[in-house]
Amino acid sequence: MSELDEIRKRRMAELQQQAAMGADPQQVAQQQIAQQQAAQQRQIELEAQLKQAMKQILTPEARGRLDNLKLTKPELVQQIEIQLIQSAQAGSLRGKVTDEQLKVLLKNLAGQKREIHITRR
């Protein structure tokens with residue numbers, strides 16, 4: 001959500017600047033397109049860096065499992081990726097994370113969910 005809030009704030013600031021300067025609508029549109037392209041480029045670069053980091057942290061089997069899981073639960077995969085990167089940066093990982101270790105991590109994160117029990121009387 002913070003990313004969305006940042007985008008909204010930037011957009012609001014842009015609109016205020018345009019109103020203050022009385023800018024040409026065509027120039028404004030070109031600036032917006034350039035900004036959108038720059039944002040897309042940054043997003044692509046971040047994704048490439050994340051992919052490279054995962055190649056260094058995970059074995060091919062674990063990476064495949066994570067890629068498959070990303071199709072159904074992208075939020076969970078994002079949490080796991082962040083956790084793995086933080087662990088790697090802290091130096092707590094020894095070697096690459098195997099598929100079995102990834103399964104344990106997935107079970108731990110999935111176990112954190114609150115279970116709901118409904119009893120009928």
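Here are some questions and answers on the pockets, helix packing and a few residues of this predicted model.

Reader: What should I know about numbering and the model before I start?
Author: Residues are counted from 1 along each chain as its sequence is written, and side-chain values use heavy atoms, with hydrogens and water left out. This is a predicted model, where totals for chains, interfaces and linings use all residues, local features need pLDDT of at least 70, and side-chain atom pairs count only at pLDDT 80 or more.

Reader: How much space lies in the largest pocket?
Author: A pocket is an open set of points on a 1 Å grid over the protein atoms alone, where a 1.4 Å probe fits, with protein on both sides within 12 Å along at least five of seven lines. Its volume is the space filled by probe spheres set on the points, which are joined across faces, edges and corners. For the largest pocket that comes to about 590 Å³.

Reader: Which elements give two or more residues to the lining of the largest pocket?
Author: Lining residues have an atom within 4 Å of a point, and this pocket has 19 of them, with Glu47, Leu50, Lys70, Gln78 and Glu81 nearest its centre. Helices are DSSP runs (H or I, at least four residues), numbered from the N terminus. The elements asked for are helix H2 (25-57), helix H3 (60-72) and helix H4 (74-90).

Reader: How many residues of that lining are charged?
Author: Asp, Glu, Lys and Arg count as charged, Ala, Val, Leu, Ile, Met, Phe, Trp, Tyr, Cys and Pro as nonpolar, and the others, Gly among them, as polar. The lining of the largest pocket has 8 nonpolar and 2 polar residues, and the charged ones number 9.

Reader: Is Glu81 buried or exposed?
Author: Glu81 lies in helix H4 and touches Leu50, Met54, Leu66 and Lys70, not counting residues up to four places away in sequence (contact means heavy atoms within 4.5 Å). Buried means under 20% relative accessible area, exposed over 50%, and partly exposed in between (1.4 Å probe, protein chains only). Glu81 has a relative accessible area of 8%, so it is buried.

Reader: Which helix gives the most to the lining of the second largest pocket?
Author: This pocket has a volume of about 450 Å³ and is lined by 13 residues, including Ile7, Arg10 and Gln35. With 7 residues, the top contributor is H2.

Reader: Is Ile57 buried or exposed?
Author: Ile57 sits in helix H2 and touches Leu84, Ile85, Ala88, Leu93, Gly95, Lys96 and Val97, leaving out residues up to four places away in sequence. Its relative accessible area is 9%, so Ile57 is buried.

Reader: What is the relative accessibility of Asp99?
Author: Asp99 is found in helix H5 (residues 99-111). Beyond its neighbours within four places in sequence, Asp99 is in contact with Thr59, Glu61, Ala62 and Arg65. Asp99 counts as buried because its relative accessibility is 16%.
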